[in-house]
Each structure stands twice: as structure tokens, then as C-alpha cells.
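These are my notebook entries from one sitting with a structure, written down in the order in which I looked things up.

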Amino acid sequence: MEEFILDKLRVLPDASGVYLMKDAEGVVIYVGKAVNLKRRVKSYFYSSGGHSLKTKALVSKIRDFELITTSSELEALILECALIKKYRPEYNILLKDGGGYPYIELFSEYPFPSIRTSRNRTDKRNKLFGPYVNAENLRRLILSIRRFFKIRICKDREPKRKRPCLYHQIGLCSGPCAGLISLEDYSSNVRNAVDFLNGKIDGVIDDLYKRINEESEKFNFEKCAAILKDIKAIEKLKEKQKVVFEKEINRDYVGFFVSGCEVLFKVLIVRNGVLIDKGDMLFASKFEESDAERLKIFILNYYEYASFIPPEIYVPCMPEDSELLERWMSEKAGRKVELSGKPRGRNREIIEMALHNAEVALESVRASEKRNDKMPVLEEIQAYLSLPSIPLRIETYDISNLSGKNAVGSMVVLTRGVPDKKNYRKFKIRFKETPDDFAMMREVLSRRFTIDRNKKADIWKTNFPDLIVIDGGKGQLGAVADIIAKQGVPFVGLAKKNEEIYFPDAAEPLVLSKDSRALNLIRLSRDEAHRFAVSFHRKLRRNEAFKRKDRNSEL
């Protein structure tokens, strides 16, 4: 054991807090919390006999650790969750897709509120609904709200138009931007939309019938007919929802299924006695974890930014730190929240439904992955390019500009041979407004591999690729060879004209058959990088044109 670690162990505090274990390169590989940091951290180094395989593997990599003391165990729990999300350590359980859950965000601060999907959960000014675990259900829900209540989705705070956009013409917006609806009526629509999202469908229908009576007294029969059409559509939607309780009960039911290193969670959401949403989340870990630990991590991730936490949450077994979790959720909800690990009767039936659905969903994910398996093609690429490992992560770069103006760079990612859009990145070129593609590509690669580990925005950069593809030939490769070579990552260039693959240290390019699966996958990544760069470049040009138009109109 290193002498400086022994020195740190001698002065460990008798306090609650969080510890961060680091490897030889200073990368955080595990984050944990403790009621007593002194006892907990020492146990890693002095009680090796009772360690699990996971802990033994972790300890073998620890070269340093950092402590953060807290005033309470609850504060330590919250900090632990935040740091796991920040550093995504190798030995912690993580969301497999690395992303958060989508929400419906109501921009309630606007005079005429707009509504759209969002993953920005930190803006306290607007009202959030969710999280929604099923993206397809979320899209349907947004469409239903727009169809029934004509809520706008545009981003302008106070939109002003001479005539409404296409969404008004197809019945998905009430046209407040063109003054086609009063603030009073629009506000009533928003209130109904909020009730609808909260599962109070009967109240929404009652309100709409009142509006029919009001409009009929004004002889606005066309408006009455439109409202009645919406009522019938809402009633039809209500019939599809499954009523699981006669009383207006609000509960969540969590089930999960484990297969290998993956665990899929299924959440059944009951609001006002009606099952209104269900979906799944996939977690992954390199090591065997207890069900209690899995449930704890899931609850922390899922309910951290939940817009509504029900008073009762049913689970198949009690999670680790269950009392702390209840206190944490109760503080967030402003009332008592209970976890129940021993459901009976109807509650047991719904938990079993969640467990079964989780198993079916994970089998479906596995079947889908098997159908889309690109491993044979990736192995071909490894052989053709003489790579040291299978290129599970391929990053491809391209530049787009018009005579140097609005120059942009793009980075697209193929993960296991499939476009991984959440990991795409765009770069605004800062270099200079001259058509120098070589210098622009150097700038993009330099910025990609300049990493500040203390900067949250740079965390994605620590995930290095197995192969880099540059859009271009020998010249483009030569321009960035020194930058990439320092990272120890293999790289090639793909020239458009004859689809030749260039290497940095070979005089002649590699020419593969046009029908080669390996070439087609590399070409797919190159074309996707080009599309992504061009779309960003066009967006910047449009924005610039709008700004010029606004300036001219002011003159």
C-alpha cells in the first residue's frame, strides 16, 4: 500500500459523507456513501478477506481516494447520486444509455404557455410533468394535448404573426400568435391540459361540457361542435386506459428482471385509480449486485427530478437504505412517502404484472440487439485495418462551410456498428473565416481531445474511440496525424471520389470491393458525419439570414 494512502487512512474523519475511489490516472472509478467515513473507507484496505469479487477488483485498482464530508447521511445519499451521474464510474451501477428521462415541460412563465418535451430538469421557472419512461407514450401524449387543447409548441416567449403557422391549419394549435384566441380561453385550455396530464380526465370532460353550454348561449355552434369532437376523442382515449382501482388512488409499482450484467426496470404508474403510463429503463453493471442495491440506484435516478411522487411506491423487495430513501422522497414531495416491499392482494397482482413485463421487455431488447448485431462486420473492419481491438466505438469527423463562413465540424459515433445519436457532437469553428479545411479539422480534433476532468461538460471526452474516421484522403490525415497519434487511437481517412481508405503511415490506400460490408459501414459513418455537419451549417446560415432580415426591417 502506498505511504500517502496510509497517511490519509490515519486521519479519516468520524463523519458521514461520500468517498471517491480513483485509479492510477486519477479517474474516479467508484463513488460510495458512508454513515462513518473512517470505518467505511478503512474496510476497503484492511478487511480484504470478506470482500466480494467486485470489491476485490475495485481495491486492486485504487491508487488514491477523495472524501467529501456532509452534515447528515441523507445529504450524503443525495451527493452520492449526483457524483455517480457526474463521473459515471466504472464500478457503479449505471443507466445503460447514459441519458436521463424525458419530461413534458410547460413554459408557464409565458403569457401564452407553450408545451414540449424536455430533459432540462433544473429550470425552476417552468412546470415539469414526468419523468415518462416510455418515449413512444410521451409522443402520443404530447400529440393528444395539442389535438384536444390546441396548446402551442413554438419557442417564442411572445410570438407575433400576421397569420398563424401550419399547426393551426391542421388543428394542433389555437393560433395565439395571430390573436385567434383570447388569453382567458387559452388559459382555460392550459388548465385542462394540466388536469389531463395529472389523470383528472373526468374533470376535463366536465369543464368542456360547461364550455359547450357557454358557447351555445352565444350561438357559436361551430365552436360547440369542435369542443364536442374533442370530448368524444378524450372519452375514447379514456376507454383505452385500464382502471385498476375504483378509488382515486395514486401509486407507482416497480418491477425488474435481471439477466447477466443487465437489469431492466418496469414502472407501472397509477393516477386516480387509472394505469396511465408504463415503460422500461435498462441499467448495467460489470459485477453482480444485490436486488436491494439495484432498487436503491433506480429510485435515486428515477425520483430525483420527478414532478410528482405518489404517497405509496410498491416494490418487489425493500431497497438498500430504504428509510433514507423514504425521508428523501418525503422531503421532495412535501408529505409522507412510503415504500412497501410486501404487497398483498391487488397490489401483489400489479407487482407481478410489472415483474413479468420487465422479463418480456428485456427479452425483446435482447432479440432486437441480436437482429441488429454488427459484430461480424466490425470484426471484418478490425482485420482489414489491422486494428488492435474490435472497433466497438467509431468516431467520424467532417467539416462544412461556405467560403469559410459559418464553418462547423461534426462528430458522429457508431456504437457496436449502430449510429449513437445521443453521443453526436457539433463544433462551431473558432479558427478564422477562410476556406482552410485542414486547419478547421485540426481545431475540431484538438478540442475533442482537450479534456478538463474537473469540468462537467468535458466528461463525454473521456470515452475514447477504438477507431477514428476522417472525411478525406492523405492531405486531411496529414493535417491531424500528430493530434490523434498522441492519443494512441487508430485512424484512417475515407476519400469520397473512389471510396479509398487512407492510412497515416502507408503510401498506397486500401481499396475494398464496393459490396464489402466493412466498407459500407465505414461509408455509412462518413455520410452520417457529412449529413450532420451540413444540417448544422444550414441552420447557422438560416439564423444569420433571419438576423439580417430583422435588422433591415428595423431600418
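This is a predicted model: local features need pLDDT of at least 70, side-chain atom pairs count only at pLDDT 80 or more; totals for chains, interfaces and linings use all residues.

**Entry on L378.** I looked up L378 and found it in helix 13, which covers residues 375–385; helices here are DSSP runs of H or I with at least four residues, strands are runs of E with at least two, and both are numbered from the N terminus. Residues are numbered from 1 along each chain as its sequence is written, and side-chain values use heavy atoms, with hydrogens and water left out.

Is L378 buried or exposed? It counts as buried, because its relative accessibility is 0%, where buried means under 20% relative accessible area, exposed means over 50%, and partly exposed lies in between, with a 1.4 Å probe and protein chains only. Leaving aside residues up to four places away in sequence, I listed what L378 touches: I390, P391, L392, I394, R416, G417 and L521, a contact being heavy atoms within 4.5 Å. I also noted that S389 is 11 residues from L378 along the chain, and that their C-alpha atoms are 9.7 Å apart.

**Entry on K374.** I then turned to K374, which sits in the loop between helix 12 (345–371) and helix 13. K374 counts as partly exposed, because its relative accessibility is 27%. Which residues does K374 touch, not counting those up to four places away in sequence? They are R416, G417 and V418. The C-alpha atoms of K374 and R416 are separated by 6.4 Å, although the two residues are 42 apart along the chain.

**Entry on strand 19.** Next I followed strand 19, residues 491–494, and found both of its faces covered: F491 and G493 are buried on one side, and V492 and L494 are buried on the other. I wrote beside this that, in a regular strand, side chains alternate between the two faces of the sheet.

Strand 18 (residues 467–471) runs parallel to strand 19 and is joined to it by four bridges; two strands pair if DSSP finds at least two bridges between them. I468 has F491 in strand 19 as its bridge partner. Together with helix 15 (residues 474–485), strand 18 and strand 19 make a right-handed β-α-β unit, right-handed meaning that, with the strands pointing away from the viewer, the path from the first strand over the helix to the second runs clockwise.

Strand 20 (residues 501–502) runs antiparallel to strand 19, with two bridges between them, and Y502 is the bridge partner of G493. These two strands form a hairpin with six residues between them, and E499 in the turn has a positive phi of about 55°.

I looked at an open sheet of three antiparallel strands in the order 2-1-3. Strand 2 (28–34) and strand 3 (64–69) stand at its edges with a single partner strand each, so one side of each has no neighbour in the sheet. Neighbouring strands here are turned by 20° against each other on average, direction ignored; axes are lines fitted to C-alpha atoms, for helices over the stretch in contact, and angles run from 0 to 180 degrees between N-to-C directions. Strand 1 (residues 17–22) pairs with strand 2 in the antiparallel sense over six bridges, and L20 stands opposite V31 in strand 2. Helix 3 (residues 53–61) lies across strand 1 and strand 2, at about 120° to strand 2.

I looked up another open sheet, also of three antiparallel strands, in the order 6-5-7. The twist from one strand to the next averages 30°. Strand 5 (residues 103–106) runs antiparallel to strand 7, with three bridges joining them, and E105 stands opposite L128.

**Entry on cysteines.** How many disulfides does a search of the whole structure find? The search finds zero, a disulfide being a pair of cysteine sulfur atoms within 2.5 Å. For C154, the nearest cysteine sulfur is that of C177, 6.1 Å away.
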